[in-house]
Amino acid sequence: MSEWKRQEGDETIFRTCAWSPPGCHPVGCGLQVHVKDGVVVDVEGDPEHPITKGSLCPRCLALTDYIYHPDRIIHPMKRAKEDRGLDKWQQCSWDEACDMVANAAQEIIDNYGPETICVFGGTGREANYWYTQWANLVFGSPNSVYAQAGWSCYGPRISNTAFMIGGGYPEIDYAQKFSDRYDHEGWVAPEVIVCWGKEPLRSNPDGMYGHAVIEMMRQFGTKLICVDPRMHWLGTRSDIVLQLNPGTDTAMAMAWIYVMDKENLVDREWIDAWTYGYDALVERCQSMPPSKAAEICGVDEELIWQAARLYGSAKPSSLAWGLAVDQNPNGTQLGQALIALMTITGFIDAPGGTTLGMGDDGGNRVKEGGGIDASQRIEDENDSTLMLALKYGIMSQETWDTKRIGVDKYPAVGSIMWTAHPDEFLKALETENPYKVHMAGFVSSNPVGTAISAEPQRWYKALKALDFNFACDCFMNPTIMSCCDVFFPVASTIEHDGMVATHYASNASFYGAQNKCVQVGECKSDIEIMMMVGKKLHPDFWNRFETQEDYDNFHVMRSWLPFKELREKVVVMSEEPYYKYKIGKLRPDGQPGFPTMTGRVELYSTMYQNWGEDPLPYYEPPAYGKESLPELSKQYPLMMITGAREQHFFHSEHKQIQALRQLTPWPMIDINTQDALDFGIAEGDWVEISSPYGSIRQLARVTPTMKKGVVHCMHGFWYPEEDGEVPNLYGNWKSNVNMLMPNSVNGKLGFGDTFKQMMVNIKKVVGLGGSNDPDTNGIILEPSRQAEFTVQQVWRPEDAPTDQYLQK
Amino acid sequence: MSHGAIYIDFEFCSGCHSCEIACRKHLRIANDKDGIKVLEDRPYQQENGAWHWDYIAYPTELCDLCEDRVAEGKLPSCVQACQAKVLEFGTIEECAEKLKKKPKKAAIFVP
Ligand code: SF4
Ligand code: SF4
C-alpha cells in the first residue's frame, strides 16, 4: 500500500476516500489527489482502494471543476433581512458571521425558547450526520428537519429493518467487507440478485458501489431480476424484468411469498429456527395469488411465477431494495414483505446473500481490523447526541419530550428518526401551531429547491417569513437566495479531514479516511463551523474541541481508532463475520438471535402492532390513481414516477458544472412510444406536465422502455445560469417535479409519499417558458389551497392523530 | 513491440461517461472535445421480445493511448476510471486474445 501522502516530482499525491461535499452518499470511493503549489491539478481513482480499484464516477472525476468553479462561494457572507431574495450579499469575516448567528439564536432562545429554532439536513451529504447535533447541541432544539414528505428516503427502510430484524441496513453481498474481496475464503457470489425499485449503477447508493453488480455478472454469472416500471439499461441485461404499475409493489412482493411457500422454495428449517409469524404471513399472502397481483401490477401472471421461482431456487440469493420502498405510502408494508423475502430463503447474512450490519447510529465499530459485537460496546453516554445535550443542560428532557413537532402524531417515525416529522413540521411553520418557529439553519439542505421537498412553494413561503436564517453550503441556491441572512462556505471532501463509513456505519463495509489535501478560500468543514457557533452558545460543552480531529476522535470514531491511525491506513475493512445472529453478535446480551422483541426476525411485526399498525403486510392502491380517485383521474390519465438518477448529478447539485451538465443539459420526461403518439408529442418537444398540484415543463424523450401509461420525470432541475433573484430564483419553479406532489399523504405510521405514484396529464408546449413565479404557475396556493385538501381528504379523511385514525 | 489498443466488452458498458471525463482530464482538453467518446444505440425491443440497448466507448484521433501513464506503469486514464471495468489496454495481439475468449459484443479499437 502506498503512503497516504507521497511526493512525486513537484506534486504531492494524497490518498483519500470521498464523501462530501459535493453531494454523495457514504460510498467512500478511493481518490488520488495530485496537488501542486497548494492547488489540485488532478483527481484520479485510487487503484489501491479495495472496492473501487481506480474507478470513479463522473462527479469525482470532475471534482476540480467543482471546487474551483467561479460561482463557488468561498468566503462567509451576510445580507440584511430586508434584502432577502435579492443578490445583495456582502463578504464578511468568520467571526462576524458566527456572531450574527449566535446572537440571533440567543435572542430567540431567550424570547421564545430553543425549540423555535430548527435545523434542516438534506440527503446524502455528511452534514446529515451533523444536523441533529446542530439542533440538539448547538441550539438546544429538538427540531432537526429532513424536509422530504413522510421522511421518504432511507428512513423507512432503516425503520423496517430496526422493527423486524433489529440489525443494520441489509445490503447485497459483493464481498465488500473483506480486503481480499472475491477471493475471501467462504465467499460465494449471489446466484441471483433482485433489484427491487433500485437501479444500483446510477442510483445514489447509500454506501454500495453499484458497478460491483456488473463485476459479479461478468465474473461469476450472477443473474438479475428487476422489479421496476422502467426497463432500465441494467434491466436489458437481466433475466427477468417485472415492469409493474407504479406503487403496486407490495402486491407483487406478497405474490412472490405466495409462490415460494406453495412451491416450497423457502428454507423451512431456518424459518422455524429464526423467524416469528411465518404461518400468519403466508396466510395473509393467500389473499394475493399471482393471478391477482398480475391484475393489480399490470404484469403477465406467468412472469410473476417465473421470477419468484428463479429467486426461490437460487443458492444463494440476494435482494437490493431501493427508494421505491420509501416513496410510497404503502411502502412500510412493502419493506416488510421484502425483508420477508430476504430472510425466508435463509440467505440473510449468509455468504452471497443479503448482508446485515451489526448496529446502528455508529454503534457498529471495528477494533484492530475485527468487528466488535454489540455486547462489547462501551457504555458511554457520550455516544448519544441527545444524552450529551441533556447532560450539559443544552436541552431539557421536557423540551425533547414535548416540543419535537409531529412525533406525537407519528410516534413510530419519532422512535427511529431523531427529527421532527417533516409534513407536520411544515404545517406548524404555516399555522404557528403548536407554536411559532422563529429561525432556521440549512446545513447542506435546500428545501425551497428541487431535490427532496414536495410543494417547495409552501416551504418557500413559510421559511422566508422567519426572523433569522443561515446556511452552510458551497454554491448559492434557491433556499439561500430567498431566505437566508448568513452564508457559511463549506469545505469539500478533499478540503477537510474526517471519516466515511458506508451506510452511515449501520452496515459498514469499511471505514475510510477523508484526508485534507488543499484549502480553498476560507472554507471550513461542517464540523468546524458547528464548533465555532457552538462555542459561542454553549462553551461548557464545545470548548473541549479545538480542531476537527478532536471532534472526530470524540464523536465520530470514539476511542477505537484515532483519526491519525485511520488517516495513515486510508481504508480499514470491517471484516465482519457472516451469520452474526448465530454467534451472538447482534444482540446486546450476546445471545444468539436477533435484537427484536421475540429475538427472531419478525415476519409478524410486534413493533408495528405496538404502533397500532397491522402486523402483517397488506396492499393499498396508490393514493392518486384510478382506483382511489376515479373521477379526478380522468383529468390525469397517466401515472408519473420520478427520482431515477443521472450519475453525473447528485439530486439538485452539479447543474453548474459544465462537464456534467452537458451530459444532460435539460430535464427530460420519458414517455412510452405509444403514449407519445396518443398525446401528439414527439422526441425533443417541450411538454407541460400537470398534476392537481401544479404544472412544470420538461423535454420529451420518447422511448419504448417506459411502461405504457407511465411517465418518468427527472428531479433536481433548476437553472443556476438564470436570474437568481426572486421570484425567478434560478428558474426554480419551471421544471421542478416536486411542485406536482403534495405533503401529508403518508402511510399510517407517518412514512411514505407520492413521488413514485402520482397521476398527471401531459401536453405539448412551445419552449421551456413556464412561469418564473410560484404563484402563477398553476400551482395551488393560498387562498385556493382548499382544492389541495379536497384531494388529501380522500386519502386521510380526518387530520386526526394516528391512534384515532387507526381505530376507524 | 506491437501497437497498443483498447479492448471493450460493450455488452457491459453502462454508458456512465467516466472514461470520457477521465480522458479529458488526462489530455487536458476542453469539454467540447473527446479523447474517448461514449455512443449510445438507443433501446428497442426485438421481434423475440429481447431488448437491444448498447453503449460503446471508442477512442478518437486525440487518444495517445496514455503513453506517459503507461510508461510510468499506470493504466490509461479511461481504463482505470471505467466503472464497469470493461475497458482493457494491451497490444493488438493481447486484445485479440481477449476477444477470442469472449467472442460476443466486444471490440478492439486502435486509435
Ligand atoms: S487511452 Fe488515454 S488518451 Fe486514449 S482514450 Fe483512454 S484516457 Fe484518453
Ligand atoms: S467508463 Fe466504462 S462503463 Fe462507463 S461509459 Fe466508459 S467504457 Fe462504458
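This is a predicted model: local features need pLDDT of at least 70, side-chain atom pairs count only at pLDDT 80 or more; totals for chains, interfaces and linings use all residues.
Colleague: Which residues come nearest to ligand 2?

Modeller: There are 14 residues around ligand 2, and those that come nearest are Cys13(B), Cys16(B), His17(B), Cys19(B) and Cys82(B).

Colleague: Turning to the two chains, how many residues does the contact take from each?

Modeller: Chain A gives 43 residues to the contact and chain B gives 35 residues.

Colleague: What area do chain A and chain B bury between them?

Modeller: They bury about 3100 Å², and 49% of that lies on carbon and sulfur atoms. On the chain A side, Arg218(A), Trp233(A) and Arg237(A) lose the most area to chain B, together 22% of what that side buries.

Colleague: How many salt bridges are there between chain A and chain B?

Modeller: The count is five salt bridges. One salt bridge joins Asp65(A) to Lys25(B), where the closest N and O atoms are 2.3 Å apart.

Colleague: Which elements of chain A supply at least two residues of the side that touches chain B?

Modeller: Among them are strand 4 (39-45), helix 2 (63-67), helix 6 (212-220), helix 7 (233-236) and strand 28 (694-702) of chain A.

Colleague: How do the residues on that side of chain A divide?

Modeller: The side of chain A that touches chain B has 18 nonpolar, 14 polar and eleven charged residues.

Key:
Residues are numbered from 1 along each chain as its sequence is written. Chains are lettered from A and ligands numbered from 1 in the order in which they are written. Side-chain values use heavy atoms; hydrogens and water are left out. A residue is near a molecule or strand if one of its heavy atoms lies within 4 Å of it. Contact means heavy atoms within 4.5 Å. Buried area is the accessible area (1.4 Å probe) that two parts lose on being put together, summed over both. A salt bridge is a side-chain nitrogen of Lys or Arg within 4 Å of a carboxyl oxygen of Asp or Glu. Helices (H or I, at least four residues) and strands (E, at least two) are DSSP runs, numbered from the N terminus. Ala, Val, Leu, Ile, Met, Phe, Trp, Tyr, Cys and Pro count as nonpolar, Asp, Glu, Lys and Arg as charged, and the others, Gly among them, as polar.
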